[in-house]
Amino acid sequence: MTSRLPGFYELPLSERLRVAGQFAGLDDNETRPLGEFGALTPELTDVFIENAVGTFSLPLGVATNFLINGDDVLIPMAVEETSVLAAASHGAKLARAGGGFTCTATDPVMTGQIQLFVNEFTDDDRKALESSRANLIAWANRGHDSLIARGGGAREIEWRWIPGISSVIVHLHVDTRDAMGANIVNTMCERLAPMLAELLCCDTGLRILTNLTERRLAKATCVVPKEAFESRDYRGPEVVDRIVKAWEFAWHDIYRATTNNKGIMNGIDPVLIATGNDWRAIEAGAHAWTARGGTYRPMAKWGKDAGGNLTGELELPMAVGTVGGVTKLHPTARAALRLMGTPDARQLAGICCAVGLAQNLSALRALASEGIQRGHMGLHQKNLELMAARGPRVANAVAGSGAGES
Ligand code: MEV
């Protein structure tokens with residue numbers, strides 16, 4: 001059989017599922033899980049993506065103990081990995097002992113790039129761009145009345161010359177308010193491109209947003225009192241020192257930094273998924289931001305204050321939306337946002353950083369003391385016992401899956 005299936009996208013969803021199942025020789029029992037809908041309907045699923053046959057279910061949990069800017073918040077997280085929810089809740093509990101997380105976010109400014117092919121970037125070109133700034137911004141904003149009414153819109157234009165590709169790269173900065181804003185920015189870039197081409201008498205190349213949204217940052221900080229780390233086996237100040245040393249390891253070693261940052265995204269991605277946000281965009285931006293000095297670094301910073309307490313900070317590009325797109329249409333995403341008290345985009349960005357920081361704190365605390373396997377395998381064992389109580393077939397499936405490893 002061939003995977004070349006002309007007209008596949010035009011088939012009704014149930015028929016696509018039948019064709020795909022037949023292609024792989026699946027029986028009805030094997031095909032059924034591919035065509036489940038959970039909180040979605042076939043109609044909605046078909047609206048989201050092309051060639052849809054069903055939906056994929058992930059466990060959705062609620063992380064506890066989060067105190068963010070003085071407010072108690074429950075955090076919905078969609079994730080398959082054992083111990084992520086427990087670790088987030090534990091990190092939040094540690095931070096809570098010092099007053100929780102303080103979160104801030106910049107204005108939600110996204111950036112679009114327009115590539116202009118020119119043999120050289122002359123003073124006349126620069127002057128032409130300079131004198132057209134206001135017109136260009138006004139032109140980008142045309143047709144975006146509701147965004148402008150909400151206080152958003154194109155704000156600024158910059159450019160830089162990249163000789164290696166004979167290109168002037170124009171950056172358009174747009175305040176997209178509570179929208180993630182990819183569509184708004186891409187539409188504006190495509191609209192501006194012909195005007196810019198005429199201005200510099202040149203061809204245009206790409207017109208697309210950058211996911212390195214360095215003007216759309218969110219930050220979370222926390223101070224954990226050293227006493228919060230006291231345990232039967234470890235003294236609090238010792239754990240603080242060991243966590244700072246663990247962070248230094250990541251600062252000096254890219255292999256450790258990568259795993260450290262995976263742990264941070266363990267916290268952030270599940271919140272993004274639960275709220276219908278584009279986690280690939282945030283991942284790309286977060287890793288690029290972390291490497292902006294030319295070396296890949298740990299995303300968060302950990303240190304010690306004058307009193308010997310642990311201080312933590314995580315700042316990342318955080319282009320999240322709370323209106324429009326999946327966030328609006330997906331009933332689970334809508335409910336997840338309601339569960340968090342309907343944050344706006346800047347608040348959600350701060351929450352994501354707080355969860356990332358909590359996750360990192362919990363991982364570093366465990367790694368720097370007893371190691372992660374005790375808690376991890378404990379949870380895995382608990383899952384196995386629960387499964388065994390529900391039936392041997394399920395328990396065997398879990399035991400053989402390596403669930404709980406990372
Ligand atoms: C596992 O998913 C994440 C950790 O490896 C993160 C870390 O090492 O910091 C525990």
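User: Why is Asn 309 called buried?

Analyst: This is a predicted model, and in it Asn 309 has a relative accessible area of 15%. Buried means under 20%, so Asn 309, at 15%, is buried.

User: Where does Asn 309 sit in the chain?

Analyst: Asn 309 lies in the loop that links β9 (300-304) to β10 (310-317).

User: What makes a residue a contact of Asn 309, and which residues does Asn 309 touch?

Analyst: The cut-off is heavy atoms within 4.5 Å. Leaving aside residues up to four places away in sequence, Asn 309 touches Val 223, Val 224, Pro 225, Lys 226, Glu 227, Val 240, Gly 303 and Lys 304.

User: Happy to move on to the core. What makes a set of residues a nonpolar core?

Analyst: Its members are buried residues of the listed nonpolar types, joined through side-chain atoms within 4.5 Å. The largest such core here has 93 residues, and Phe 66, Ile 75, Phe 101, Ile 268, Trp 302 and Met 318 touch the most other members. Helix α13 (residues 345-368) supplies the largest share, 12 residues. At least three residues come from each of domain 1 (8-105 + 217-399) and domain 2 (109-209).

User: Which residues does Ile 268 touch?

Analyst: Setting aside residues up to four places away in sequence, Ile 268 touches Ile 282, Leu 314, Leu 316, Met 318, Cys 352 and Gly 356.

User: How do you know what area domain 1 and domain 2 bury between them?

Analyst: Good one! The size of an interface is often given as the accessible area lost when the parts come together. For domain 1 and domain 2 that is about 500 Å², with 66% of it on carbon and sulfur atoms. On the domain 1 side, Ala 319, Val 323 and Ala 345 lose the most area, together 58% of what that side buries.

User: How many residues of each domain are in contact?

Analyst: In domain 1 there are 9 residues in contact with 5 residues of domain 2. The C-alpha centres of the two domains lie 34 Å apart.

User: How many salt bridges does the rule find across the interface of domain 1 and domain 2?

Analyst: A salt bridge needs a side-chain nitrogen of Lys or Arg within 4 Å of a carboxyl oxygen of Asp or Glu. Across this interface the rule finds 0 salt bridges, while 3 residue pairs are in polar contact.

Note on methods:
Residues numbered from 1 in each chain as written. Predicted model: local features only at pLDDT ≥ 70, side-chain atom pairs only at ≥ 80, totals over all residues. Heavy atoms only, no water. Buried < 20%, exposed > 50% of the residue type's maximum accessible area, 1.4 Å probe, protein only. Helix = DSSP H or I, 4+ residues; strand = E, 2+ residues; numbered from the N terminus. Domains from an automatic or database assignment. Buried area = accessible area lost by both parts, 1.4 Å probe. Polar contact = N/O pair within 3.5 Å; in protein donor to acceptor, adjacent residues only side chain to side chain.
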